[in-house]
Structure formats: C-alpha cells, structure tokens
Amino acid sequence: MNQSIHQLMQLVLQGIAWVLKTIELLWDWSWSQITGMFNMSWSNLAAWKMLLGVVAIVVLAGILVTMARRGMEAFGKIAAAFWTMVLTMLAIVSFVVIAGVLSRGFQWVVATVPDRLMRAMAAGDVNGDGKVDIVAGALSSGLWLFEQTPDGWKKTQIDAASSGFEHPVLLADLDGDGALEIYVASEDQQELRQYRWNGKTFDKSVVMPLTKGDITWNLTDAKL
Ligand SMILES: [Ca+2]
Ligand SMILES: [Ca+2]
C-alpha cells in the first residue's frame, strides 16, 4: 500500500509538471509574437496594413485587460484550491501520524522476563524514590521489580524463590508508616509474605502459611 501511495503521488506530481510546462510553452510562444509585432518596422507598411495593425492593437489591448482580470480571478481560485489541498493532505497525514504513534506504542516493550506466564502486576513506589514502580509475580521465575530510571525501565529480581500459578501481589501500607510494603502469595512455597524496603534492599518476612494445593486468586487490603 505504501508503494502504491508513493506511485500515485509521483503520477500526480508528473501530471502537474506536464500541465505547467505546456502552459509555459504556450505563454512563451504567444508573448514572443506580441513583442515581435511591436518591434517590427511600421514605417514601410502599406496604409491598409497599418490600419489593420492599429485595429489589432486595440483588440490586443482588450485581450490583455481581459487576461489580467481573468488572471486575477484564476490566481484567487488557484490559491484557494492549493490551500484546500494542503488542508486535505494535512488531515490525511494526521490520521497516518496517529496510526504511526499507536504502532510505536504497541511496539514499546518495558521489559521481558524469562517465563511463560505472569498473571499478577501492581504499581506503586515501593522503594521510596518518588517514582512509581511495578511489582510482578511470575509463574516460576520469581518476584520482579521494574523501576523507572532516566535510561528507561530497570528490571530486578526481588526473590527467585517465590512462585505460583496466580502468584498475586499487593502493594499496601498496612503498618501505616507512609511507605508501601509488598505482599505476595507465594503459592509453591505455601507462604503469604511481606517485603519491606530498608533503603538498600527488601526485607522478607512471613505473614502466614498457605495451604498446600490452594490457589490464591487475589490479594487485597481492607479495614476491618
Ligand atoms: Ca520507586
Ligand atoms: Ca508501610
């Protein structure tokens, strides 16, 4: 499709160039005839030819006046048509640009993890740097942290020994100190765990055991 559009544009440009070249040729030939008539020697002409020449000059003056008036009208129409064409092209191009931006966004990969399933993700500032992080629980590759840095998203494995089919995560400030903790249902390890940022790394503790074989669909916080 892109190649067809380019070919169509080339055809349109070639057509416009051909029309302009034809107009230029006709203009040059006609103008050379007009100037040639005024440059010729009138003194040796017969009286009837001089009279015919005067009539021709009067007619020519009328044609030039009409041409100037029509030319002004044509210039206005050409300018309006050109402006309409520019606006139309901009409208079409804006859709193409929107499609391009959407495509770019679709191709934007934050990070990848070596796993085949990741059902749980939560967003919040868990390391106190003022920027929102993403914490994710993968099927078997562990618990992951994605941080925003000036160079893009930085991926860190918080705990390799945490896994489960759902492996849900919750970011909440349950101890009320103003900082988010990470709560994770580590199903394979049969533990509901808490991770707290100590300024350098995460301290892990067990909140409660989980029953073997249970699926922990989700974690949520609530005021009881
Ligand atoms: Ca952060
Ligand atoms: Ca807290």
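The questions below go from the overall fold to single residues.

Student: What kind of model is this, and how is it numbered?
Tutor: Residues are numbered from 1 along each chain as its sequence is written, while chains are lettered from A and ligands numbered from 1 in the order in which they are written. This is a predicted model, where local features need pLDDT of at least 70, side-chain atom pairs count only at pLDDT 80 or more, and totals for chains, interfaces and linings use all residues.

Student: What radius of gyration does the protein have?
Tutor: The radius of gyration is taken over C-alpha atoms, and the globule rule is 2.2 Å times the number of residues to the power 0.38. Along the principal axes, the C-alpha atoms fill a box of roughly 125 × 35 × 30 Å. A compact globule of 224 residues would have a radius near 17 Å, but the protein has 40 Å.

Student: How many residues of helix 1 are buried?
Tutor: A residue is buried if 20 or more other C-beta atoms lie within 10 Å of its own, exposed if 12 or fewer, and partly exposed in between, with C-beta atoms placed from the backbone. Of the 224 residues of the protein, 14% count as buried. Helix 1 has 38 residues and lies largely in the open, because its number of buried residues is zero.

Student: How far apart are the end C-alpha atoms of helix 1?
Tutor: The expected span of a helix is 1.5 Å times one less than its number of residues. For helix 1 (residues 2–39) the span should be 56 Å, which agrees with the distance between its end C-alpha atoms, 55 Å.

Student: Is Met-50 buried, exposed or partly exposed, and which is it by count?
Tutor: Met-50 lies in helix 2 (residues 47–107). Two residues are in contact if their C-beta atoms, placed from the backbone, lie within 7 Å; leaving aside neighbours within four places in sequence, Met-50 is in contact with Trp-42 and Leu-45. Because Met-50 has 13 C-beta neighbours inside 10 Å, it counts as partly exposed.

Student: How far apart in space are Met-50 and Thr-112?
Tutor: In sequence, Met-50 and Thr-112 are 62 residues apart. In space, their C-alpha to C-alpha distance is 92 Å.

Student: Which residue in strand 4 is the bridge partner of Glu-147?
Tutor: Strand 3 and strand 4 (residues 152–159) pair in the antiparallel sense over seven bridges. A hairpin joins them through two residues. In strand 4, the partner of Glu-147 is Lys-154.

Student: Which residue in strand 7 stands opposite Ile-182?
Tutor: Four strands form an open sheet in the order 5-6-7-8, with antiparallel pairing. Within that order, strand 6 and strand 7 (residues 191–197) are joined by five bridges. Opposite Ile-182 stands Tyr-195.

Student: Which residues have the most contacts inside the largest nonpolar core?
Tutor: A nonpolar core is a set of buried Ala, Val, Leu, Ile, Met, Phe, Trp, Tyr and Cys residues joined through C-beta atoms within 7 Å. In soluble globular proteins, nonpolar side chains tend to be buried together. The largest core here has 21 residues, and those with the most contacts inside it are Val-135, Ala-136, Trp-144, Val-169, Leu-171, Ile-182 and Val-184.

Student: Is His-167 buried or exposed?
Tutor: His-167 is in the loop between strand 4 and strand 5. Its phi is near 50°, a positive value in a residue other than glycine. Because 25 other C-beta atoms lie within 10 Å, His-167 is buried.

Conventions:
Pairing = 2+ DSSP bridges.
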